[in-house]
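Please consider the two-chain model shown below.

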Amino acid sequence: MRRQTVLVLYLTNSALDSAVVGWSRYDGTGQTRHMAGDADEPPYRTGLEALKDGWRLFQASQLLPHTPGAEFDVSYLKYEFWFEQLSEVAP
Amino acid sequence: MSELPLLDARTMAGFAARGFLRMDGAVPEEINAQFLAEVGEIAGPEPGRKLRRTYGEVLARAAVPEVPAGTPLARAYPQGSAMARLLELPVVAGAIRSLVGEAPTFDHHFLHVTFPPAYHEAGGGENVSQHTHQDSTIDPRQAFDLQIMYYPHEVTRPMGGTRFVPGTHLRKVSEAALGRYQNVRGQQHMVCGAGTLLFLHSGMWHGGGVNLSDRTRTMFKVRMNPSASQVRQFDLSTLERAAAQRPIFYLKGPQPPSVEQILMTPEPWFEDDTGRLEFINRVKLWRYLTGDAGYDADYWLTRLENLATA
C-alpha cells in the first residue's frame, strides 16, 4: 500500500531557496507522530534543501495583491510550500 | 502618579515588540502552596476512566470560583484567596496597571491541567500537544487584553509547558486557523520555577505542550480587559523621546540600547517583507501606548506619511 508523508515549510520569501521559518510534518505511514512544538530547529535550512533530499513539491502559496486599506495588516505566514514523499507500507 | 512599581519604558517597549513579559518566581511559595491546596488533589489514572471525567471533577471540586465575565477584577476573587493575594502583590499590580490601566475588568479564567501519559493510556486517548492558536477570536483593535499565565509549581521541559511564539501578537488571525503551524523558529516553552508569571498580549500565538513526565502540570490563566485608558500608564519618568531619528541601514557598528533598538529587533521567524510590517505595527502600538501620535522608529512611518503636500 502507498502512503503519503507531508512536509510543510514556511519560508522568508517566495523563493524556494529562502530560509525556513516554520515547519510541520504529517506521516501517513504512521511510523512517526509529529505535533506542535516537537522541534525547535527546522529539518532543512531552505525549501531547496528539501528538494535535494527527495521531497516532491506539490503546492506553493500564491502571491496576491494587497487589499487597499489593509496593506499593513499581518496575519498568517505568507510563503507556504507543501512537499510529499510516497512510501510503500505493508498491508 | 501611582505608588505601584510600574513598568519602565524599555520593559514596556519589550512588551510592545514581543508581546510578553516573564516574571520568574514572582509569587511567594506560601501563595503557590495555597493555590495548589485550593485546586485540590487530582485523582490518579484508572483503567477505562476517560480523561474528560477526571478533568471535569478537578474543575468542579477546586475552590476556584465561577466568576461572571465583566466583573471588576478587584472583585473577582474572595479576599484572602490565593488569586486575590497574587493580584495584590505590588509587582503584579504594577505590571497590570502599566499594561491595561486602572481598574481592569475580569474577562475569564481557566484552570489548565495537562496530564501525563499514564492518564491517556488508561482512558484510551492520545497524548498530544495543543494546536497553536490565538485566544478568543479575530481582534482588530489597537487596544489589547492581558492574559496572565500563573505556574504555581515547577515546570520541567518533559512536562511540556506553555509554548508561545514571541512577536506574533500583532498578527490578525482567527483562533486555531493557524493550527497547521507545528513549529515556528524562535518559539519558547515555559520551563520555570514555582510562582512564575507570564504576562501575554491577548494576540500571542501559543498552545499547551504535551506532558511526557509522570506528574500533572497545572497552570492558571486569567484574562482581563482594560476598563479605562491604556495610554501612558507605565513609569513615564523613564520615557525619553529621542531628539532625532537614528541612522538606518548604513551603520558602522551596533547601536546603543534604546526603545528604538527594542522595537526594531526582529524575531527569528520574521519573513523578509512582512518583518518590516511588524516594525511598522510595533511603532503604531508604541504611539498608542505613549499617546505620541508623531512617534517613529527608523523612519518607517515618517517615510509613508510624507504626502508631499507642503
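Leaving aside its neighbours within four places in sequence, with which residues is A:Thr29 in contact? A:Thr29 is in contact with A:Arg3, A:Thr5, A:Ser87 and A:Val89, where contact means that the C-beta atoms of two residues, placed from the backbone, lie within 7 Å. The model is predicted: local features need pLDDT of at least 70, side-chain atom pairs count only at pLDDT 80 or more, and totals for chains, interfaces and linings use all residues. Residues are numbered from 1 along each chain as its sequence is written, while chains are lettered from A and ligands numbered from 1 in the order in which they are written.

A:Thr29 belongs to the loop between strand 2 and helix 1 (47–52) of chain A. Helices (H or I, at least four residues) and strands (E, at least two) are DSSP runs, numbered from the N terminus. With 16 other C-beta atoms within 10 Å, A:Thr29 is partly exposed; a residue is buried if 20 or more other C-beta atoms, placed from the backbone, lie within 10 Å of its own, exposed if 12 or fewer, and partly exposed in between. A:Gln4 is 25 residues away from A:Thr29 in sequence, yet the C-alpha to C-alpha separation is 6.9 Å.

Strand 2 (residues 20–27) of chain A pairs with strand 5 of chain B in the antiparallel sense, over two bridges. Two strands pair if DSSP finds at least two bridges between them. Here A:Trp23 has B:Asn183 as its bridge partner. Across the whole interface, 31 residues of chain B are in contact with 23 residues of chain A. Strand 5 (183–184) and helix 8 (274–290) of chain B are the elements that give two or more residues to the chain B side, and helix 8 of chain B supplies the largest share, five residues. By class, this side has ten nonpolar, twelve polar and nine charged residues. Ala, Val, Leu, Ile, Met, Phe, Trp, Tyr, Cys and Pro count as nonpolar, Asp, Glu, Lys and Arg as charged, and the others, Gly among them, as polar.

Within chain B, five strands form an open sheet in the order 1-7-3-9-2, with antiparallel pairing. Strand 1 (20–23) and strand 2 (105–114) of chain B stand at the edges, each with a single partner strand, so one side of each has no neighbour in the sheet. Strand 3 (residues 146–151) and strand 9 (residues 217–225) of chain B pair over five bridges, and B:Tyr150 has B:Phe220 as its bridge partner.

Helix 2 (residues 29–39) of chain B has B:Ile31, B:Asn32, B:Phe35 and B:Val39 buried. Seen down the axis of helix 2 of chain B, these residues fall within an arc of 105°, so they line one face of the helix; the arc is that of the directions from the helix axis to the C-beta atoms. They pack against helix 4 (82–88), strand 2 and strand 9 of chain B. The face turned away carries the exposed residues B:Glu30 and B:Ala37. Just after helix 2 of chain B, B:Gly40 takes a positive phi of about 90°.

Chain B is divided into domain 1 (9–225) and domain 2 (240–305), with bounds from an automatic or database domain assignment. Their centres, taken over C-alpha atoms, are separated by 30 Å. Each domain gives 15 residues to the contact. On the domain 1 side, helix 1 (residues 9–18) of chain B gives the most, with seven residues.
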